[in-house]
Amino acid sequence: MKASKGAVPEKSQAGLRPTLAAQNYFLACSCVPEGDMEVTLPDSGFGTLSATVTKTTRLNDDTLGLWLRPSRQYEYRPGQFIRLHKDEGNSRCYSLASVPELDGELFLNIRRTPGGLVSNWVHESLGAGDQVEISEAMGQCFYLPGSPEKNMLLVGTGSGLSPLYGIARDALLMGHLGEIHLYHGSRHRGGLYLEAELAQLMSRHKNFSYVPCTSGDEPAAGCLPGRALDLALARHQDLGGWRVYLCGNPDMVNSAKRKTFFAGASLKDIHADPFGF
Amino acid sequence: MSLFDEIGGEGAVNAAVDIFYRKVLKDDRINRFFEGVDMDKQAAKQKAFLSVAFGGPNRYSGADMRRGHAHLVARGLNDSHFDAVMEHLGATLKELNVPDNLISQAAAIAESTRNDVLSK
């Protein structure tokens, strides 16, 4: 269950993933309340609300940045995802690239998928001033404060950069001290985006590195040739004690989970968000 | 003091689960039985197994063990695979510097599930 009010006894969170514990989830079977608690079922609470499009920005040929202002107080952690509703029957989930303290508004990176009902609608029809329906934020892929000295490896393909952009900036904002390595993979240079922002972030923070990777035949200046995951694993062979974030293509994410685990990362420190677009 | 507490309780289980599951997944004799399963869900099961082997609270009956592994027995799960898992259990505990007499107690508990796991 999830506590919406009141202190959660530590014992009732033993064995839970740290990201779940951080969101006040607990095991009802081992919970002896120490005071008044208000609780909900784990899968309730994902209501919808309206939001206003404040602007759209072109990130690359296929990817649009969508900026939204929710109609009411909105709580989320960078890297979580929300459901964006086109109409009653059609909706898709998109990850949050924004950081509440830095951006004010919600920032989504929406990649156009061929024949995709929602992504094409966003690309073709949405503009500043439009109203849309969104869900509350969901998901376990986000930065946790605590152990700021641990190194972090972030690997994403395509618009899998979206949650990682949020997570990396969130970690830096919270004063993370360990190294943070972000690998973004695309077949071609044109599939990369937010390169200038990430380069700037790298120049401002000594412990942050951004490595764009292109896996296609044509080498691209400033990019490492090869797949992001392979390059990351070759350069960081011992991931013992690291925190790992993996987002994007499900095949990449699933293989990456196994490979980073084999390289020494603890399963509880591997955060993954597979999605097909 | 119970075996579970002697080995180190919940903390020992948490320390063991990564080491044990990594050994199992890397082992070509048995990793085909874990193809395509969700790693997080599987790790939770490995943790439950380790808790049992460490003499912790057991929430599984023999019938549960039979039902849970029947589809694997149908795919050829046999004594040699069970032996491989036992090997990894012992090696994991050794790596965690658990004394030999406690390792053999844990192994005996795990061994007691063999017939149910293999539907014998």
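Visitor: Leaving aside neighbours within four places in sequence, which residues is Ser95(A) in contact with?
Guide: This is a predicted model. In it, Ser95(A) touches Gly79(A), Gln80(A), Phe81(A), Phe107(A), Leu108(A), Asn109(A), Ser162(A), Pro163(A), Asp273(A) and Phe275(A), with neighbours within four places left out.

Visitor: Which side chain does Ser95(A) make a polar contact with?
Guide: That of Asp273(A), at 3.5 Å.

Visitor: Buried or exposed, Ser95(A)?
Guide: Buried, because its relative accessibility is 8% and the cut-off is under 20%. Ser95(A) lies in strand E6 (residues 91–95) of chain A.

Visitor: New topic. How many residues of strand E10 (residues 180–186) of chain A are buried?
Guide: 7 of the 7, so E10(A) is largely enclosed by the rest of the structure.

Visitor: Which way do they point from E10(A)?
Guide: Ile180(A), Leu182(A), His184(A) and Ser186(A) point one way. His181(A), Tyr183(A) and Gly185(A) point the other way. Side chains in a regular strand alternate between the two faces of the sheet.

Visitor: How many bridges join strand E9 (residues 152–157) of chain A to E10(A)?
Guide: 6, and the two strands run parallel. Met152(A) has Ile180(A) as its bridge partner in E10(A). From E9(A), the chain passes through helix H4 (residues 161–173) of chain A to E10(A), a right-handed β-α-β crossover.

Visitor: And how many bridges pair E10(A) with strand E11 (residues 208–214) of chain A?
Guide: 7, in the parallel sense. His181(A) sits opposite Ser209(A) in E11(A). Helix H5 (residues 195–204) of chain A carries the chain from E10(A) to E11(A), and this β-α-β crossover is right-handed.

Definitions and conventions
Residues are numbered from 1 along each chain as its sequence is written. Chains are lettered from A and ligands numbered from 1 in the order in which they are written. This is a predicted model: local features need pLDDT of at least 70, side-chain atom pairs count only at pLDDT 80 or more; totals for chains, interfaces and linings use all residues. Side-chain values use heavy atoms; hydrogens and water are left out. Buried means under 20% relative accessible area, exposed over 50%, partly exposed in between (1.4 Å probe, protein chains only). Helices (H or I, at least four residues) and strands (E, at least two) are DSSP runs, numbered from the N terminus. Two strands pair if DSSP finds at least two bridges between them. A crossover is right-handed if, with the strands pointing away from the viewer, the path from the first strand over the helix to the second runs clockwise. A polar contact is a pair of N or O atoms within 3.5 Å; within protein, one must be able to donate a hydrogen and the other to accept it, and residues adjacent in sequence count only if both atoms are side-chain atoms. Contact means heavy atoms within 4.5 Å.
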